[in-house]
Amino acid sequence: MADKKEKVYFGGIEGGGTSSIAVIFDSNGKIVGRSEGEGTNHWLVGMDICLKRINSMVMAAKENAGIDVMTPLTSLGLSLSGMEKANKQKEAIELMQRDYPCCAKNYHMCVDTLGAVYTASDCGGMVLIAGTGSNCSILNPDGFTHNVGGWGHMLGDEGSAYWISHKAVKTVFDAEDNLVAPPHDIDCVKNAMKSFFKIENQYGMLEHAYLNFDKSKFAGFCTVVAEGACEAKDPLCIHIFQLAGIDLGHHVRAQIPLIDPVLLERPGGLRVICVGSVWKSWDLLKEGFLEGLKGADGKPVLKEITLLRLRETCAVGAAVLGAKVSDHVLPVDYDAMVETLFTSTL
């Protein structure tokens, strides 16, 4: 009697700066297990903590799927924020194999943007992340990739939740110091800042900005700024989101010379996968974003654009890439993975 064929499972992880998600597929492309965890950007938490959190999420997802936690996955795809460099990817994979041998047999490691692309398409595209931080990547059909941004809060993150939060706080500080005149009244943002960070004056912000700085917590103030724009119709809050939209548009504009024309000629034009919580405030970003797509001559740098939101986690794309390492193609209904946020002829 022939032995019963061993079941195989393929995992994927979407790792962000604030939170992370794990999924497990069976060989038929069905998600059988899920779990959530904390941020896994190794630049923020360190490599050891990053990998420990990954293993914990995989174990939780295995339990959710009814799989023995000591049985390694056939493959695990890791699409992680901050994992751009090949040497860091190699280091992470070697440490996972050494320290967590029961996690998975094979690994694929990539930056978070590529996981998003492969969740929406198997033939390339663009992804624009605006979450805690920001990043923009293209993947041409020939495999060429290029990033714009993704340098973290000290060197970039324009248009992100952190950037919006910092811009709001800095506008208040500059106005209070009589250093830069604000474009609008600061009272709404100033009062919201005091309430959110539980401070009485400017000096109270120093603890949050330096001694006990937490990027994710700081970025959380973005939600309050969004509420000020949507509910209170505060002009300064609205203005800050418009500026964020311009910066996000600039990310797309910077990629245009490098994009394969095939990606521009699809129905709906350039398809941009929009990932991150900032896109929930699209109505506030829209005017600035379209402005940011214009070149030096004041004209849009492309003819047509479609913004897409993922219906499923980027961990799906990570799992697809991981499965390829094991010579397995996960069947994915890519059309079902996305919904249209915005489309326009420019």
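T306 is buried, with a relative accessible area of 7%; buried means under 20% relative accessible area, exposed over 50%, and partly exposed in between (1.4 Å probe, protein chains only). This is a predicted model, in which local features need pLDDT of at least 70, side-chain atom pairs count only at pLDDT 80 or more, and totals for chains, interfaces and linings use all residues. Residues are numbered from 1 along each chain as its sequence is written, and side-chain values use heavy atoms, with hydrogens and water left out.

**First stop: T306**

Select residues 304-310, which form strand β10, the strand that holds T306. Helices (H or I, at least four residues) and strands (E, at least two) are DSSP runs, numbered from the N terminus. Next, display the side chain of T306, which reaches the backbone oxygen of G268 at 2.8 Å. Then show the residues that T306 touches, leaving aside those up to four places away in sequence: G268, L270, R271, V272, T340, F342 and T343. Contact here means heavy atoms within 4.5 Å.

The contact between them takes seven residues from domain 1 and nine residues from domain 2.

How many salt bridges are counted between domain 1 and domain 2? The count is zero, where a salt bridge is a side-chain nitrogen of Lys or Arg within 4 Å of a carboxyl oxygen of Asp or Glu.

Select residues 112-120, helix α4. Are its residues buried or exposed? Nine of its nine residues are buried. To inspect them individually, step through D112, T113, L114, G115, A116, V117, Y118, T119 and A120.

Go to K233, in the loop between α9 (221-230) and α10 (235-255). K233 is exposed, with a relative accessible area of 55%. Its phi is near 55°, a positive value in a residue other than glycine.

Finish at D327, which is placed in the loop between α13 (315-325) and β11 (338-345). D327 also has a positive phi, of about 60°, although it is not a glycine. With 76% relative accessibility, D327 counts as exposed.

Key
Polar contact = N/O pair within 3.5 Å; in protein donor to acceptor, adjacent residues only side chain to side chain.
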